[in-house]
Amino acid sequence: MPSEILLKIFSYLDAVNLLCAGCVSRRFYHLANDNFIWLRIYSTVFSPKRSNWKVNSVEETTVSVSGLSVEDKEAGYWKKEYIAKQITSVKTALAQVLQPVSPYTGLPVKTKEALRISGLGWAIVLREKSGKEYIMQHVDLSLNDTSVTVVWYGKNWPCLATLTTLDLCGVTPVFMDRHKPPAKNGPRWHSLIAKYDLSHLTESTMIGCDRLVQIFCLHPGLLVGLWKKEEELAFIMANLHFHHLVERSTLGSASVPYELPLHSPFLDDSPEYGLHGYQLHVDMHGGGVFYLCGTFRNLFTKKGCIEDGYVKLVVINFKNNREHLPLIGKVGLAWRTNIFDGFIKSCSIVDITLLDEHRKPFWCLSSPVCMRSAACPSDGPNFLGQTYYVDYMDTEGRVHAELMWIEETEEYFIVSLVLYLSVAKINHWFGTEY
């Protein structure tokens, strides 16, 4: 078919279908880059606002388009301009939605709405030693109070022995329309969130198992399930905290993650008194079932409580029975694939949201954890039951919890919860020199 006829046909397509047509062949790609077609699309969408009582005629639109520069631009220039402006408009719209912040959680009030209107999803990129890539879109997700759990499973996993790395990316439609769902095969923008080394799937990172699978935890927040028999991938679960989630999932590129804006230290008007007025929200859940959901206010610690580079912040005191809390149900992590499902005891997901005295998010995380039997319980009240420890650690701090299994009532009680905050993090946050 002559190029002139194809260009005429392409001129009737919208931006999404024009981009799809450009993927058919090299010839279609060059034709679909035609500047005259893209300039008309650009002018139609981003033309100056018209008065309500006046509508431009076709002749006026043609004149305005012809007045813009076309011939002196390389092929595809106006396509790039259109896509760049669409991406900018999406980012601006999301920034407006995320602007209101809750005084109680310190997080944007409309995070779930932003996820809905943006059409945001997540993908993993599995990379072989040879460089070959496998891109898989998420199969299922669940929204929690302060995090989202994203799951991948299926029958067509590549062989684990050939894989080296896994990239977790946010995937956003380039052309967003809050009034209708995004086109299924439309163009997508990938934003790298985290990179993982699959060689770390070793005994040291295994946190639990059942009769079918064993699960491994890779920081930050990734859970990898392997079939016991074949030692091949069964499912992958990513746990993402709401703090800066939309920004990290949309504002990076496919190879470079989004960088948080530079932090301006808050003035600490009473550094000699340590930390005070902190607030913690903690969730413990697994497979849609919540075992603990609690908010702790007016937390404080004295300047002298510094040990090994950490400031100790006691949330639940082991020696104070009135602070101890029961967990609802038997703790475990539910998993499923398209064939099997299961329940791994003593494993769960923990979401931590710690706010400073100004109600700003100071430390946020969402990660798989496991309960490990304690060899010798801590000194304190005399309980009749087995003691378990739950621990988490990253560059900004540590979490240590102690749980007690009460045989009479057949339930867990959390009898101690302590946060250890990195002194380096505190000094960076407040500009202090602890």
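Is Cys347 buried or exposed, and at what relative accessible area? I looked this up before anything else. Cys347 is buried, with a relative accessible area of 1%; buried means under 20%, exposed over 50% and partly exposed in between, with a 1.4 Å probe and protein chains only.

**Ground rules.** I am working with a predicted model, where local features need pLDDT of at least 70, side-chain atom pairs count only at pLDDT 80 or more, and totals for chains, interfaces and linings use all residues. I number residues from 1 along each chain as its sequence is written, and side-chain values use heavy atoms, with hydrogens and water left out.

**Cysteines.** I stayed with Cys347 and looked for a bonding partner. Its closest cysteine sulfur is in Cys370, 5.4 Å away, which is too far for a bond. I then turned to Cys217, which is buried as well, at 8% relative accessible area. Its closest cysteine sulfur is again in Cys370, at 8.5 Å, too far for a bond. My rule for a disulfide is a pair of cysteine sulfur atoms within 2.5 Å, and by this rule I count zero disulfides.

**The open sheet.** I traced six strands in the order E3-E4-E10-E9-E8-E7, with antiparallel pairing, in an open sheet. Strands E3 (140-143) and E7 (206-209) stand at the edges with a single partner strand each, so one side of each has no neighbour in the sheet. Neighbouring strands are turned by 20 degrees against each other on average, direction ignored. For that angle I note that axes are lines fitted to C-alpha atoms, for helices over the stretch in contact, and that angles run from 0 to 180 degrees between N-to-C directions. My strands (E, at least two residues) and helices (H or I, at least four) are DSSP runs numbered from the N terminus, and two strands pair if DSSP finds at least two bridges between them. E7 and E8 (residues 213-218) pair in the antiparallel sense over three bridges, and I found Gly208 opposite Ile215 in E8.

Most residues other than glycine have a negative phi, and most peptide bonds are trans. I noted these cases:
- A cis peptide bond joins His219 and Pro220, with omega about 5 degrees; Pro220 is in the loop between E8 and strand E9 (222-227).
- Asn298, in strand E12 (residues 289-301), has a positive phi near 55 degrees and counts as exposed at 59% relative accessibility.
- Arg359, in the loop between strand E18 (347-355) and strand E19 (361-373), has a positive phi of about 65 degrees and counts as partly exposed at 28%.

**Arg127.** I found Arg127 in strand E1 (residues 121-128). Its side chain makes a polar contact of 2.9 Å with that of Glu133. By polar contact I mean a pair of N or O atoms within 3.5 Å; within protein, one must be able to donate a hydrogen and the other to accept it, and residues adjacent in sequence count only if both atoms are side-chain atoms. Leaving aside neighbours within four places in sequence, Arg127 is in contact (heavy atoms within 4.5 Å) with residues including Lys132, Thr162, Asp167 and Lys195.

**Helix H6.** I followed H6 (residues 77-97) over its 21 residues: it reaches 31 Å from first C-alpha to last, close to the 30 Å expected at 1.5 Å a residue. The expected span is 1.5 Å times one less than the number of residues. Among its buried residues I listed Trp78, Tyr82, Ile87 and Leu94. The buried residues of H6 pack against elements including helix H2 (15-21), helix H4 (35-46) and strand E6 (188-197).
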